[in-house]
Amino acid sequence: MGTLGARTAGARDTGAGGGGSEPSRRRLLRLAGTGLGLTALGAGAWGCGPVEEPSATAPDTGATPGKGGDAFTAPPDGTAPRPLWQGEAAGGSLGALDALAVAGDVVLVSGDPLVGRDIVTGKEVWSRKEVAVPGAKLLVSGGTLYLASARYDGDVVGLDPTTGKETWRSRLGGERYAQPRTLAADDRHVYVLAGVLEKDFSVKNNVIAALDIASGKVVWQERRDAGTEEYGIVAAVVGRHLVYTDLRENVTVRDTATGRQVWTKKIGTSNHRRLAFHEDLVIVPDTHRLRAFALGDGRERWSLAADETYVWFRDPAVLDGVLYVADSSRSLWAVNPATGKEIWRNDDLAGLSTPWQYTKVGDTLYGATELDPKGGVHAFDARDGRLRWTYNDGTKSSEKWYVVPSGKRLAALHGKRLTALPAV
């Protein structure tokens, strides 16, 4: 396998061949890099275009402006708060796990154009077209938003999320590798996955690689086992461990410094959703059980079973030292992540959609659900699991909800609508 190339910040790929062959080749790279049209995301490839700088006078896209200040009044239980503002999102979530992010006072939604809005007022701060591929993971780390290049040229780019301006760029060998996808980042590396292009531009194998944040150079790259799929990868960095799961029913841990595989373990079902972490543990839903593995050696530390084997656990999250997870019987659990012992359980969610994503502000746990109209953003008392209220925008969109915090505000995404709510 050839050597992966690298490029430092600000460089541009102008193409080696010039005029006639470049558009055709880019089209092939798009198809190879997106799995023949991003079938895993249900979206088509986008066309290439010139790199566009952020618009200085971004057009109004229908946001209802809010007002500054954090003096929010908590509504009575059973009554959802009124939105602070609402605005349009460019293209919906496309099923991505990380379609919504907040950096400082700017909220970002994956789509074309990629737009940054002021979390306080809802006004557009910046807007850029053709900078994010369909379903792009919004990976913000160390003050930089890392994205696969929408030009399908093998580059990974870094943007200042507060301005939209490009600040970093690295080359991942566009001649030999299909479109890279960002997986995770820490204070030293950005970790990416890319398919290995065959002579006919098909992709049969893939590599996982680490890019140096300081230089843009490739630190290491490891070819994954033959037959390992490129899609359905969920990854996170915890200390010196890169942890990921995939559709092949694996949990894998690699050393972040060298790429060496520390351990891999089969689980009972495909896990392409979220992972949870607590100290030296990774916690994975495995059909009707939650399982906690030691990051260092893969030993199972604890296992928690649902009441029935046909009840499956969903996406877990550890917030402020408590593990929160819903199951398919519409129960919400709070668990001690160190021991697997139940703290409380809310079994009174019959008829409601249960959360798949969580965040917490103060003593309130917020859960974003998948199904509408019996879902939305639920607010629970984090001390006992009692449901306080549910916010729903009434659009009846079938797309999942997302919620992320910013100070005393929440950004909630549902389809093509972005809403700011008070965290009360």
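**Aromatic pairs and other features**

Analyst: Let us begin with the aromatic rings, where the count comes to 8 aromatic pairs, a pair being rings of Phe, Tyr and Trp (its six-membered ring) whose centres lie within 6.5 Å, with planes under 30 degrees apart counted as stacked, over 60 as edge-to-face and the rest as tilted. The rings of tyrosine 191 and tryptophan 220 have centres 6.2 Å apart and planes at 40 degrees, so this pair is tilted. Tyrosine 191 belongs to strand 11 (residues 189–197) and tryptophan 220 to strand 13 (residues 218–223), so the pair ties together parts that are 29 residues apart in sequence. Strands here are DSSP runs of E with at least two residues, helices are runs of H or I with at least four residues, and both are numbered from the N terminus.

User: Before we go on, what kind of model is this, and how are residues and side chains treated?

Analyst: This is a predicted model, in which local features need pLDDT of at least 70 and side-chain atom pairs count only at pLDDT 80 or more, while totals for chains, interfaces and linings use all residues. Residues are numbered from 1 along each chain as its sequence is written, and side-chain values use heavy atoms, with hydrogens and water left out.

User: What does the pLDDT average in the protein?

Analyst: The pLDDT is the predictor's confidence in each residue, from 0 to 100. The protein averages 83, and 81% of the residues score at least 70. Over residues 1–53, however, the pLDDT is below 50, although this stretch has 112 contacts in the model beyond near neighbours in sequence, where contact means heavy atoms within 4.5 Å. Residues 55–62 also have a pLDDT below 50, and there the model has 10 contacts beyond near neighbours in sequence.

User: How many helices and strands are there, and what percentage of the residues is buried?

Analyst: The protein has 2 helices and 32 strands. Of its 424 residues, 54% are buried, a word that stands for under 20% relative accessible area, with exposed meaning over 50% and partly exposed the range in between (1.4 Å probe, protein chains only).

User: Which residue lies over the face of tryptophan 333?

Analyst: A charge sits over a ring if NZ of Lys or CZ of Arg is within 6 Å of the ring centre and within 35 degrees of the ring normal. Arginine 345 lies over the face of tryptophan 333, at 3.8 Å from the ring centre, and lysine 400 lies over the face of tryptophan 356, at 5.1 Å from the ring centre.

User: Where is threonine 354 found, and is it buried or exposed?

Analyst: Threonine 354 is in the loop between strand 25 (342–346) and strand 26 (355–361), and with a relative accessible area of 6% it is buried. Its side chain makes a polar contact of 2.9 Å with the side chain of arginine 314; such a contact is a pair of N or O atoms within 3.5 Å, of which, within protein, one must be able to donate a hydrogen and the other to accept it, while residues adjacent in sequence count only if both atoms are side-chain atoms. Threonine 419, in strand 32 (residues 417–422), is buried at 1% relative accessible area, and a polar contact of 3.2 Å joins its side chain to that of glutamine 86.

User: Which peptide bond is cis, and where does its proline lie?

Analyst: A cis peptide bond joins aspartate 112 and proline 113, with omega about 5 degrees, and proline 113 is placed in the loop between strand 3 (106–109) and strand 4 (114–118). The bond from aspartate 372 to proline 373 is also cis, with omega near 10 degrees.
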